[in-house]
Number of protein chains: 2
Amino acid sequence: MFYIIGLGLSDEQDVTIRGLNAIKKSTRVYLEAYTSILMVEKDRLESFYGRELILADRDVVETQSDEILRDADKEDVSLLVVGDPFGATTHTDIILRARALKIPTRVIHNASIMNAVGASGLQLYNFGQTVSLVFFTETWKPDSFYDRIKENADLGLHTLVLLDIKVKEQSEENLARGRKIYEPPRYMSVPQAVSQLIEIESIRKTGTLNPDTTLAVALSRVGGGDENQRIVAGTLSELSQQQPEMYGEPLHSLVIVGKRLHHLEVEYAEDFAVDKENWRSIANKVYGCALD
Amino acid sequence: MFYIIGLGLSDEQDVTIRGLNAIKKSTRVYLEAYTSILMVEKDRLESFYGRELILADRDVVETQSDEILRDADKEDVSLLVVGDPFGATTHTDIILRARALKIPTRVIHNASIMNAVGASGLQLYNFGQTVSLVFFTETWKPDSFYDRIKENADLGLHTLVLLDIKVKEQSEENLARGRKIYEPPRYMSVPQAVSQLIEIESIRKTGTLNPDTTLAVALSRVGGGDENQRIVAGTLSELSQQQPEMYGEPLHSLVIVGKRLHHLEVEYAEDFAVDKENWRSIANKVYGCALD
């Protein structure tokens with residue numbers, strides 16, 4: 001059996017009993033590489049699971065799936081991924097490959113940011129499509145995310161924005177010289193994300209995003225408890241002015257709040273607000289939310 | 001500490017290690033009542049967790065939260081819910097109440113249908129807002145879900161439709177006589193859901209839903225393995241013609257497929273299709289999806 005197992009969002013204790021049992025009976029256990037960057041150290045996972053883990057880069061999972069799937073028709077093999085196997089990063093390719101090889105597959109689900117974003121207090125029913133925001137460069141500023149946010153906003157819906165992470169990047173020099181030396185992983189910070197959003201708004205000028213009157217909620221390590229989880233709410237401008245420490249460890253996500261905002265959502269998220277008074281005031285005056 | 005713990009979607013083995021540890025150290029453990037109807041028997045959960053469970057109806061959770069929260073500032077109390085605490089049914093009320101009582105609270109996340117729906121092969125990025133479909137009666141046919149599906153469809157997005165469940169209903173006679181005798185729980189079947197969708201389409205006539213050319217995917221017990229999980233794909237008409245057994249145990253969900261359909265989504269979900277040839281043919285000719 002080929003198991004593809006979601007590890008959840010925070011640390012080694014977020015695996016399910018079903019997932020842990022599958023790991024323990026597998027002859028080989030692969031760990032999708034950036035999982036360890038994002039959550040906890042590989043050796044901490046290994047000691048908790050009682051199993052040696054084989055690191056597999058994202059591109060290994062995509063291009064060398066036959067090695068991962070080897071003998072999985074005769075023994076148990078597991079692939080561990082952060083969040084849920086069908087979360088932000090999907091694993092349909094390797095499952096389709098397993099199917100073609102007639103290898104039985106079982107997916108073990110877990111929380112992902114796509115549902116745990118509810119921890120912000122914003123109702124999942126009020127979310128439209130999710131978008132990804134990639135690092136802009138001087139010459140490449142893909143902005144299709146803006147159209148998606150506008151589509152959601154026009155319907156009054158919230159948008160979950162997933163912030164980019166770069167792993168295994170090579171410097172131009174190392175790339176030119178063919179040296180497989182990689183830069184340290186980079187992840188997009190909340191202030192950087194806000195800056196990119198506002199940059200595109202200033203070009204498009206549809207009024208979808210306004211630094212001072214668009215509310216947003218930033219999240220990281222959801223479910224990790226007070227020592228890890230960070231949820232910060234405020235206007236785009238307020239969020240861009242916070243110190244990086246405020247947002248905790250990567251990965252970060254950002255929710256752009258839609259106009260179909262319910263007073264309970266306002267009240268719940270107020271606890272996370274940079275400036276509670278301003279949060280309520282904008283929810284009331286700009287979003288038209290009736291509050292006590 | 002007050003813990004609110006998601007149990008995931010299928011059975012007792014879907015709890016996380018973090019969740020199980022919290023259960024084991026709690027002095028009282030409440031089980032949101034319909035959880036046991038939906039997943040497994042209460043005694044099976046009790047024997048697995050090694051703890052006695054106190055059943056709490058949904059309305060008890062909402063109206064008698066102070067009893068559930070009693071002493072949770074001094075000892076550990078857990079409330080177990082199906083899926084994720086912020087899934088389809090939210091638990092913001094009781095968390096707000098805990099906050100007001102200055103009781104520390106921790107949410108332990110898990111998979112919910114809001115993210116596990118990715119098991120259909122449809123990409124979570126391509127979903128718009130989620131809707132609920134309630135049982136129609138002769139005189140009450142709330143149809144706002146139709147506007148939401150149309151909003152999504154107009155953007156080419158998929159819609160997750162959550163099908164109604166009725167628990168603790170009283171017959172008119174028992175209600176009139178004040179007898180607290182409840183009917184067995186009812187849950188909406190996939191054919192019934194399709195029938196309600198088509199009924200509203202026949203009134204609204206916007207062409208959003210077409211029995212023969214709108215594709216959909218039905219799901220139940222996602223993640224429960226081959227013995228429990230059911231995923232069935234087809235046109236609305238095909239889905240309405242299947243035998244009830246085909247859809248497995250409740251709760252059921254249905255995805256209305258949007259036009260922004262990717263060929264990988266078609267290929268993945270084809271495995272679940274009632275009629276694979278028709279599935280591909282409609283994806284190609286009606287949805288405009290280029291297939292091999």
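The axes of helix 6 (residues 92-100) of chain A and helix 12 (residues 263-270) of chain B come within 11 Å of each other and cross at roughly 40°, where axes are lines fitted to C-alpha atoms, for helices over the stretch in contact, and angles run from 0 to 180 degrees between N-to-C directions. This is a predicted model, in which local features need pLDDT of at least 70 and side-chain atom pairs count only at pLDDT 80 or more, while totals for chains, interfaces and linings use all residues. Residues are numbered from 1 along each chain as its sequence is written, chains are lettered from A in the order in which they are written, and side-chain values use heavy atoms, with hydrogens and water left out.

Helix 6 of chain A and helix 12 of chain B are therefore oblique to each other (angles under 35 degrees count as roughly parallel, over 145 as roughly antiparallel, 65 to 115 as roughly perpendicular and the rest as oblique). Their contact (heavy atoms within 4.5 Å) is made by Thr92(A), Asp93(A), Ile95(A), Leu96(A) and Arg99(A) on helix 6 of chain A, and by Leu264(B), Glu267(B) and Tyr268(B) on helix 12 of chain B.

Within chain A, helix 12 (residues 263-270) and helix 13 (residues 276-285) cross at roughly 170°, their axes coming within 10 Å, and the two helices are therefore roughly antiparallel. Val266(A), Ala269(A) and Glu270(A) of helix 12 of chain A meet Lys276(A), Trp279(A), Arg280(A) and Ala283(A) of helix 13 of chain A in this contact.

| Helix pair | Axes come within | Crossing angle |
|---|---|---|
| Helix 6 of chain A, helix 12 of chain B | 11 Å | roughly 40° |
| Helix 12 of chain A, helix 13 of chain A | 10 Å | roughly 170° |

The largest nonpolar core has 98 residues, and those with the most contacts inside it are Phe2(A), Ile94(A), Phe2(B) and Ile94(B); such a core is a set of buried Ala, Val, Leu, Ile, Met, Phe, Trp, Tyr and Cys residues joined through side-chain atoms within 4.5 Å. A second, separate core of 32 residues includes Ile5(A), Ile108(A), Ile5(B) and Ile23(B). Leaving aside neighbours within four places in sequence, Ile94(A) is in contact with Phe2(A), Ile4(A), Val61(A), Ser65(A), Ile68(A), Leu69(A) and Leu79(A).

Ser112(A) lies in the loop between strand 5 (105-108) and helix 7 (113-116) of chain A. At 3% relative accessibility, Ser112(A) counts as buried (under 20% relative accessible area, with exposed over 50% and partly exposed in between, for a 1.4 Å probe and protein chains only). Not counting residues up to four places away in sequence, Ser112(A) touches Leu9(A), Gly83(A), Asp84(A), Gly87(A) and Asn115(B).

Note on methods: Helices (H or I, at least four residues) and strands (E, at least two) are DSSP runs, numbered from the N terminus.
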